[in-house]
Amino acid sequence: MQVVELPKLEKDQKSYAGIPEAVFVDDVEQYMEDSANGESVEKVLKNFDEQHSKYRFMEYNMISRKRRLRQQIPDLTKSLDMIQILRAQKEDQETQFLLSEQVFVKTNMPPTETVCLWLGANVMLEYPLDEAEELLRQNKHAAETNLLCFEHDQDFLRDQITTIEVNMARVHNYDVKKRQAQKASGEDKS
């Protein structure tokens, strides 16, 4: 069994998918003065909410792609196992194949040196067993590597979502405290 490792990230890169890093707002008051360019709290919160929505959309897409990869890996493993069975076959073998849903047909299968593989987009090609095995191993390795990359990126994405949510809460709390202070200073003057 081949060990699958994550590929190296480029310098200053934190995700494989190029997910932008969320900036943590440490000093909200300074952020509102500097970065927000005098925008209202509502606009800053709206910008954070847009960024949060983008991260959630990325997360949804990543989850669906990860699910497809998780389904693909066992299929590739079964195909590799079948190639081993075909390679070991020395005489005719009786088998059944699916003709249509819940309809199977018995047939005799002679020993073979080739196999047909679906490549996608309704394309099927015939390969010698050795080439088919190599192609399937490469596809399985690529799928396992991509799955590891997606898991890494999903963890990174969760951190970004948390950072944005914390930023939104801090800006909201800053606004509440600011309004309370204005209200208290307004009452003191009366």
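**The negative patch and its setting**

Tutor: In this predicted model, a surface patch of negative charge is formed where Asp26, Asp27, Glu29, Glu33 and Asp34 gather. One of these residues, Glu29, lies in helix 1, which covers residues 28–34. Glu29 has a relative accessible area of 46% and is therefore classed as partly exposed, because that class lies between the limit for buried, under 20%, and the limit for exposed, over 50%. Membership of a patch requires over 30% relative accessible area and no salt bridge.

The surface also carries a patch of another kind. Phe97, Leu99 and Val103 make a nonpolar patch of about 270 Å². Of these, Phe97 belongs to strand 1, residues 93–100. With a relative accessible area of 40%, Phe97 is likewise partly exposed.

Both elements named so far belong to a chain with three helices and four strands. In sequence order, the pattern reads α-α-β-β-β-β-α.

The overall dimensions complete the setting. The C-alpha trace spans about 100 × 40 × 25 Å along its principal axes. The radius of gyration of the chain is 28 Å, whereas a compact globule of 190 residues would have a value near 16 Å. As for burial, 25% of the 190 residues count as buried.

Notes
Residues are numbered from 1 along each chain as its sequence is written. This is a predicted model: local features need pLDDT of at least 70, side-chain atom pairs count only at pLDDT 80 or more; totals for chains, interfaces and linings use all residues. Side-chain values use heavy atoms; hydrogens and water are left out. Patches are made of residues with over 30% relative accessible area and no salt bridge: like charges are joined within 9 Å, nonpolar side chains (Val, Leu, Ile, Met, Phe, Trp, Tyr) within 5 Å. Accessible areas come from the Shrake-Rupley method with a 1.4 Å probe; for residues, only the protein chains shown count as cover. A salt bridge is a side-chain nitrogen of Lys or Arg within 4 Å of a carboxyl oxygen of Asp or Glu. Lys and Arg count as positive and Asp and Glu as negative; His and the chain ends are not counted. The place of a charge is taken as NZ of Lys, CZ of Arg, CG of Asp or CD of Glu. Helices (H or I, at least four residues) and strands (E, at least two) are DSSP runs, numbered from the N terminus. Buried means under 20% relative accessible area, exposed over 50%, partly exposed in between (1.4 Å probe, protein chains only). The radius of gyration is taken over C-alpha atoms; the globule rule is 2.2 Å times the number of residues to the power 0.38.
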